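I opened my notebook to keep track of what I look up here.

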Amino acid sequence: MTQKNALITGGTSGIGAAAADLLAQEGWDVYVTGLTQEELDASSHKGFVLDVRDQEAVTNLAKQFSHLHALLNAAGAVDHIEDDIDVFQNIIDINLTGTMRMMLACRDALGRAEGSIVNIASVLAFTAAGR
């Protein structure tokens, strides 16, 4: 039997890191992504530097996996967007489009392993953030 593996975007902090730790404790082969090498160096898991806004980087990362049992999309950004369309666009490109990029890029590897996708959002997806 093949050992189960998981790729977790944003797996170097927060919910993504907690999920990585839990899966590793359960015996999964866990890979995380972080925006910087420093984030990866602080993680106890194998990982890749990845900006989910970069389609080429996402595609190249997905090619590293012949099969994938789980993709957890936990990469995300939060900022105040009240009057700055560029900030808003950046948030959408990370939190929404980046998630879609990962799902599309990993679908063949997920299909070969009959894998699952988990998309993680914070409570800020449903409520307004205070200042």
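Predicted model: local features only at pLDDT ≥ 70, side-chain atom pairs only at ≥ 80, totals over all residues.

I started at Gly-27, which is partly exposed because its relative accessible area is 40%. Gly-27 sits in the loop between α1 (14-25) and β2 (29-34). My element names follow DSSP runs, numbered from the N terminus: helices are H or I with at least four residues, strands are E with at least two. I also looked up a distance: 43 Å separates the C-alpha atoms of Gly-27 and Ile-85, which are 58 residues apart along the chain.

Residues are numbered from 1 along each chain as its sequence is written, and side-chain values use heavy atoms, with hydrogens and water left out.

Next, the whole chain. I find four helices and five strands in the protein chain, and from the N terminus on they run β-α-β-α-β-α-β-α-β. The C-alpha atoms fill a box of roughly 50 × 30 × 25 Å along the principal axes. How does the radius of gyration of the protein chain agree with that of a compact globule? With 131 residues, such a globule would be near 14 Å, and the protein chain has 15 Å, so the two agree. That radius is taken over C-alpha atoms, and the globule rule is 2.2 Å times the number of residues to the power 0.38.

Of the 131 residues in the protein chain, 35% are buried. I also checked contacts, meaning heavy atoms within 4.5 Å. Among those between residues at least 6 apart in sequence, 58% join residues at least 24 apart.

Then two histidines. Is His-45 buried or exposed? His-45 counts as buried because its relative accessibility is 14%. I found His-45 in the loop between α2 (37-41) and β3 (46-49). Its side chain makes a polar contact with the side chain of Asp-21, at 2.7 Å. A polar contact is a pair of N or O atoms within 3.5 Å; within protein, one must be able to donate a hydrogen and the other to accept it, and residues adjacent in sequence count only if both atoms are side-chain atoms. Not counting residues up to four places away in sequence, His-45 touches Ala-20, Asp-21, Ala-24, Val-30 and Val-32.

His-69 is in the loop between α3 (55-62) and β4 (70-73). At 16% relative accessibility, His-69 is buried too. Leaving aside neighbours within four places in sequence, I see His-69 in contact with residues including Thr-2, Trp-28, Leu-110 and Ser-116.

On to Ile-92, which I place in helix α4. Ile-92 has a relative accessible area of 26%, so I call it partly exposed.

Last entry: Glu-114, in the loop between α4 (85-112) and β5 (116-119). What is phi of Glu-114 near? I have it near 50°, a positive value in a residue other than glycine. Most residues other than glycine have a negative phi. Glu-114 counts as exposed because its relative accessibility is 75%.

Note on methods. Buried < 20%, exposed > 50% of the residue type's maximum accessible area, 1.4 Å probe, protein only.
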